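Please look over the structure below before reading on. The paragraphs after it go through the model part by part.

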Amino acid sequence: MIQTPPPEMGHPLADTVARFAWLLPVLPLLGFALNGFLSLKHAAHAGPADPTAASEHAHGAHGHAAHGHDDHGHDDHHAARHPAAQLVSLIGPGVLLLSFGLAVAIFGAMRAAHIEDPYILTLFQWMPTGDLSIDVAFQLDQLSMVMVLIITGIGSLIHLFSVGYMQDDPGYPRYFAYLNLFVFFMLLLVLGSSYPLMFVGWEGVGLCSYLLIGFWFSEKANADAGKKAFIVNRIGDFGMLVAMFLMFANFGTLSFTGLEGALGDVEVGALVPTAIALFLFLGATGKSAQIPLYVWLPDAMAGPTPVSALIHAATMVTAGVYLIARSGLLFALAPTAQLTVALVGALTAVFAATIGLKQWDIKKVLAYSTVSQLGYMFVGVGVGAYTAGVFHLMTHAFFKALLFLGSGSVIYAMHQAYHATHKHEDAQDMRNMGGLKAHMPVTFYLMWIATLAIAGIPFFSGFFSKDEILASVFARTHGSTLADGALLGVPGSVVLYVVYALGLAAALMTAIYMTRMMLYTFHGPNRTGDAERPHLKEAPWIMTGPLVVLGVLSLAGGWFNIPPILGFLGADGVLHHWLEPVTGAAELMVTHGEAAHLSHSTEYVLIGTAIAIAVAGIAFAFAKLKPEALKPAKESPAEQGLAKTLYNKWYVDEGYDKAIVQPTVAVSRTVLWKGIDVGLIDGLLVNGSAVFTKALAWAGAQLHTGRVGTYAWIFVLGAVMVLGAFTFF
Amino acid sequence: MNNEFFPLFFSFHFYLFAVIALLSAILFVTRKSPVAAALWLVNVMFCLAALYVMLDAQLIGAIQVLVYAGAIMVVFLFVVMLLNLGKPEDVSDIRGQLPRVTAGFVGAALLAEVMVLARAKWNAQLTLPVASGETMRNEPGGIIAPIAEVLLKDQLLAFELASILLLVAIVGAVTLGRKRS
Amino acid sequence: MLAESLALSAALFAIGVIGVLTRRNAIILFMCVELMLNAVNLSLVALSKVYGASGEVFVLFVITVAAAEAAVGLAIVISIFRHRQSVHLDDINLLKG
């Protein structure tokens with residue numbers, strides 16, 4: 001089925017290592033198959049809280065037969081390591097590292113070849129149906145290579161981290177199987193050359209997200225979180241499907257290259273591209289957790305921390321950003337949709353940041369931070385600065401993965417401590433932490449690097465990417481299709497100013513809550529407890545190693561796209577030049593044909609403002625927040641007033657429940673179940689047809705009187721009727 | 001007595017026997033006593049025999065009297081006697097008012113349909129041929145010859161089978177009527 | 001005479017049908033059936049004058065069959081009477097249902 005295709009006519013990459021690009025997703029798929037097989041083979045040990053697993057190991061002096069779980073579903077006993085653990089530890093990260101190596105090789109070939117057009121590697125024909133013919137084909141161009149490198153690179157680091165983090169979990173092979181499957185689908189998503197193939201990946205990562213969030217499914221809360229993620233995603237997927245239908249109906253093609261050709265003679269601001277763009281954005285809000293479909297991401301923290309790092313920070317949630325960047329030309333033709341994207345992104349950034357200010361669970365803080373930063377990315381791609389959005393995607397992947405993995409190390413240490421003393425406290429609540437810098441110095445310094453990056457302190461990676469987004473917004477307030485357009489009657493430039501202001505507000509709050517997190521976790525006195533304190537120590541090197549690599553990237557990652565104004569630091573706009581063949585045309589269309597530029601003075605002011613805000617936020621947090629005043633979680637007073645509202649996430653989940661979930665359930669129960677299912681289908685159709693048949697049978701049985709006289713009557717009547725037919729017809 | 005020699009005589013007797021047959025049939029159907037009904041049926045058969053003779057089927061007429069009226073109806077009367085059904089019962093066996101009226105309509109409908117069909121699908125100009133019993137008598141074989149020729153030449157198989165049928169009927173009747181002790 | 005004979009035959013047949021529909025005594029029912037057969041015989045004889053002797057031959061066979069049928073049928077009626085002490089049609093309903 002998969003054969004090396006003949007070289008695409010004349011494409012420079014045709015006879016390089018790029019021919020083997022199909023191996024990129026196939027290797028993780030192979031990993032999934034092998035790990036899955038190993039998991040099934042040792043099925044007695046699969047899954048948490050398995051009674052056979054519990055009985056099989058010597059539990060030493062611990063007397064409890066039914067081991068409890070803390071709130072986050074972690075087994076709190078030392079199980080014997082899974083028998084296949086060594087093999088899985090080799091296969092799981094191994095296929096990822098191989099994939100990453102191949103990706104680097106292809107990247108090198110692509111750099112050397114300086115390609116202008118994408119390289120399409122067709123594998124086989126998938127749906128040859130009349131007018132529409134969809135092939136399974138991979139599109140290798142600069143944008144997809146960037147995504148592939150991020151996915152396989154950070155993915156490999158997280159796999160290595162997981163080897164340490166999940167080492168005692170009875171579901172070890174199952175975990176790596178799912179993780180490999182996720183990478184497979186994610187690679188399909190970014191490598192697909194047409195919307196349907198991307199949609200396959202889209203759905204697949206949703207599935208794997210569900211599987212991994214609910215990894216410890218024996219706790220109902222975890223299973224519920226997985227379901228919530230999947231269902232909310234599905235709502236967004238509906239938008240994407242409608243967009244694909246519209247695309248096919250209007251343009252007759254669903255492949256990226258085909259669509260770009262068909263969009264050639266569509267005018268800016270037309271209804272069709274606006275509609276398609278808005279529906280695509282609806283899909284993106286589901287996958288990338290924007291308003292209104294962000295509610296699943298905080299709940300998704302129920303899954304293992306490396307999962308949160310990979311899926312909910314670095315890769316899956318960026319699929320929406322990638323989608324918009326890939327559909328750049330389409331969005332450039334729809335300024336109204338672009339303004340919508342930017343505005344929703346900015347609102348989400350601010351909204352999530354406000355919630356992050358008052359969360360106590362360390363992972364929840366990071367979850368809302370992710371939602372907020374995704375908002376930034378959408379602002380970037382929304383205003384047509386696709387490079388800026390992708391750049392922030394990249395740097396965010398670095399520092400957010402670092403933050404999540406770092407928090408994973410912290411949680412791991414807290415866990416070990418509580419296990420040693422048999423406490424069942426919440427290992428993720430910051431009120432139980434404090435002063436960990438003495439116990440976990442490496443993690444401490446690395447997480448500060450990430451915090452400074454996310455806050456936007458100069459020369460860390462986040463500074464460059466955030467600044468570029470905000471500058472792009474400001475630059476397009478004049479002389480762009482966005483400024484000429486309008487959103488619901490409001491002029492485009494006004495919207496963009498509002499977006500800029502919201503962006504600054506979100507930046508301030510980001511600095512505050514991230515510093516708050518660091519203060520409460522690492523600074524101040526330790527609140528864990530005297531018995532636990534001796535057990536708090538740094539995580540093993542298999543876990544800290546990837547953190548170091550990510551730390552370096554968070555520090556140096558900004559050098560990938562230095563703005564020209566700061567060109568004295570090094571080569572400027574490396575990423576911009578790299579992505580130009582893919583996104584350049586769309587970017588220029590937004591800015592009326594010439595590259596967006598601001599005067600030097602304006603740009604210095606903007607940079608200065610951003611730095612000032614970041615510093616102010618950190619200073620404010622240091623000044624006003626007193627880690628010494630905190631008490632451990634179970635002794636802390638309940639929240640009040642505005643703090644309570646923020647802690648309860650502005651009661652959005654409750655609102656959705658009342659407005660949507662409960663009416664749906666009520667309608668389902670009364671109308672669909674009692675009315676239609678029981679009444680109509682069971683009663684009328686099933687029982688009714690039985691009753692009807694019985695009635696017919698009864699009617700027929702009345703003819704069987706057994707009396708000759710009756711039969712004679714019927715006989716004669718029949719004869720008369722037949723003769724009548726002859727007479728009259 | 002042929003219709004070409006004494007047409008009026010012929011017609012009068014034809015209608016006479018026809019009316020008697022009809023009235024007897026109606027009386028037969030409406031009697032409560034089985035014996036009375038049987039006897040009216042015998043009357044119908046006699047009239048029909050007369051009609052057969054007038055229609056130049058003298059053999060059939062004779063056989064009708066001998067077999068039908070003379071044997072079959074006698075068997076019926078024997079059975080009535082055997083089962084002691086002679087007296088009119090206290091509960092009449094005729095159905096009620098409504099069934100009778102409905103039956104009347106059904107019968108009328110049947111009659112009407114047959115008449116309509118007969119008129120519509122029939123060649124109305126069928127006439128009886130000239131050859132009469134008088135001329136046939138003088139042929140070799142007489143008036144029996146046409147019947148015998150058909151019966152014993154063309155329909156020989158049916159003839160033989162009819163005799164077997166009668167044998168089977170006898171055996172069957174005896175078997176079924178036997179008293180089981 | 002042909003038309004009148006056929007008309008009489010049809011009328012006798014209809015009377016026979018009415019009889020079958022109205023009477024509930026098995027033997028009288030039987031006799032009504034005999035009446036119907038006779039009506040048909042009349043029509044056959046009348047038409048045999050037009051179409052030749054095969055009509056009369058057919059009448060012979062009808063009479064033969066009627067005889068056989070009467071014999072066997074009455075034997076059955078006697079059998080039933082022996083079991084049920086009645087020839088009333090409403091009482092003979094073992095086939096009910």
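This is a predicted model: local features need pLDDT of at least 70, side-chain atom pairs count only at pLDDT 80 or more; totals for chains, interfaces and linings use all residues.

Residues are numbered from 1 along each chain as its sequence is written, and chains are lettered from A and ligands numbered from 1 in the order in which they are written.

Chain A has 26 helices and 4 strands; helices (H or I, at least four residues) and strands (E, at least two) are DSSP runs, numbered from the N terminus. The radius of gyration of chain A is 30 Å, close to the 27 Å that the globule rule gives for 729 residues, so chain A is as compact as a globular protein of that length. That radius is taken over C-alpha atoms, and the globule rule is 2.2 Å times the number of residues to the power 0.38. Along the principal axes, the C-alpha atoms of chain A fill a box of roughly 115 × 75 × 55 Å.

Of the 729 residues in chain A, 51% are buried. A residue is buried if 20 or more other C-beta atoms lie within 10 Å of its own, exposed if 12 or fewer, and partly exposed in between, with C-beta atoms placed from the backbone. Two residues are in contact if their C-beta atoms, placed from the backbone, lie within 7 Å. Among contacts in chain A between residues at least 6 apart in sequence, 81% join residues at least 24 apart.

A:Gly557 gives one local view. This residue is found in the loop between helix H21 (541–556) and helix H22 (574–590) of chain A. A:Gly557 is buried, with 23 other C-beta atoms within 10 Å. Not counting residues up to four places away in sequence, A:Gly557 touches A:Met394, A:Thr395, A:Phe398 and A:Ser461. A:His396 is 161 residues from A:Gly557 in sequence, yet the two are 9.8 Å apart in space, C-alpha to C-alpha.

Next come the nonpolar cores. A nonpolar core is a set of buried Ala, Val, Leu, Ile, Met, Phe, Trp, Tyr and Cys residues joined through C-beta atoms within 7 Å. The largest has 225 residues, and those with the most contacts inside it are A:Phe182, A:Met186, A:Leu187, A:Ala401, A:Leu402 and A:Val499. Helix H16 (residues 386–421) of chain A gives the largest share of this core, 21 residues. A second, separate core has 81 residues, including B:Ala18, C:Leu8, C:Phe30 and C:Leu74.

The chains also touch one another. Between chains A and C, 10 residues of chain A are in contact with 12 residues of chain C. On the side of chain A, helix H26 (residues 708–728) supplies the largest share, 5 residues.

The contact between chains C and B takes 57 residues from chain C and 67 residues from chain B. On the side of chain C that touches chain B, helix H3 gives the most, with 22 residues. Helix H3 (residues 54–84) of chain C has 31 residues and reaches 44 Å from its first C-alpha to its last, close to the 45 Å expected at 1.5 Å a residue; the expected span is 1.5 Å times one less than the number of residues. After H3(C) comes C:Gln85, whose phi is positive, near 60 degrees.
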